[in-house]
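The following note concerns the domain arrangement and the interface between the domains. Please read the points alongside the coordinates.

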Amino acid sequence: MSITVLGIETSCDETGVAVVRDGELLADVTATSMDEYARYGGIIPEIASRAHLQQMVPTINGALEKAGVTLDDIDAVAVTAGPGLIGSLTVGVSAAKALALSLGVPLYGVNHIIGHLAVDELVDGPFPEKFIGLVVSGGHSSILRVNNIANDVSELGGTLDDAAGEAFDKVGRLLGLPYPGGPHIDRLSQVGDRAAIRFPRGLESGKNKEKHPYDFSFSGLKTAVARYIEGCEARGEEISKENIAAGFTEAIVDTLTSKSLKACQAFDCDTLVIGGGFSANSRLRALAAERGEAMGINVRIPPLRYCTDNGAMIAALGYALVKNGAQESELDLSVDTNMDLDRITM
């Protein structure tokens, strides 16, 4: 029996809607309000919520038209229930409830972070029996152990302070770069000398290394960059933004790749799946592939278009839930801004 799932993503500032049929992506349409935040240096929740309200119906219609289907063809609706901004999440969940109720189809409130891994199945094919997932985004840097993307996911470790994406935005401000800082630092780092400045790796020595084998800490790294810049200014030395970007990037991707690949070895997994907005970083993609090949571990990272928030990742996870016979969510489903990563659905 064919299964067609409509996925809705509104955790932050992207309104994403996608249609997946039998594991094949038919359409993925995204509207974003990111350009409105450059002057503020960050997301404004109220603006994001209003943008979702304005974009929801046109984005749904656009995805249906692109997929060549109608609402009557939809067998289930999946929507991000958390984590994310409460206003943004509420807009998406409200729309999904209305659709599910009017169509008489199951509703699945799903975990946004796990969706970042699920989308890779649309690109690289079925997942192995078990794998390690690394999700790196603006608010999360987490290592997950996945035995089944639909019903068996557990968090091995995560960020204790700043996530990778947050650290990039903060260092971007220190370097006077536009918001968001990630893409700009990535471009600068490609022409900088990675060995010129060695910035510290958090939780990589002594008792912290043993106590937090799969956790991350990047706030100290951000401080180290700030002090380095202050030192250069005090001594009247020229500041190389390229070398700072390269050294800073290397410190983060070194930690991310080494800990996630170490988890693969510890849990006898031969596959690492990386997802999330920061997985678009060119050095992360290159170093993960290089180290994975040397260790005999298959590294899977979706194309750039699926790294940022999108409807395809939610539709993909929704399809996995339907296929595995997961219990649907109730229509009184509420959002969870801090949804645990061990929880796949609400």
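1. Domain bounds here come from an automatic or database domain assignment. On that basis the protein is divided into domain 1 (4-123 + 306-324) and domain 2 (131-301), and their C-alpha centres lie 27 Å apart. Contact, meaning heavy atoms within 4.5 Å, involves 20 residues from domain 1 and 24 residues from domain 2.

2. This is a predicted model, in which local features need pLDDT of at least 70 and side-chain atom pairs count only at pLDDT 80 or more, while totals for chains, interfaces and linings use all residues. Residues are numbered from 1 along each chain as its sequence is written, and side-chain values use heavy atoms, with hydrogens and water left out.

3. About 1600 Å² is buried between domain 1 and domain 2, and carbon and sulfur atoms give 71% of this; buried area is the accessible area (1.4 Å probe) that two parts lose on being put together, summed over both. On the domain 1 side, Leu117, Asp120 and Cys307 lose the most area to domain 2, together 36% of what that side buries.

4. One salt bridge (a side-chain nitrogen of Lys or Arg within 4 Å of a carboxyl oxygen of Asp or Glu) is found across the interface of domain 1 and domain 2. A salt bridge joins the side chains of Asp120 and Arg300, at 2.6 Å from N to O.

5. Helices (DSSP runs of H or I, at least four residues, numbered from the N terminus) that give two or more residues to the domain 1 side touching domain 2 are α3 (112-118), α4 (120-124) and α11 (311-323). The largest share, five residues, comes from α3.
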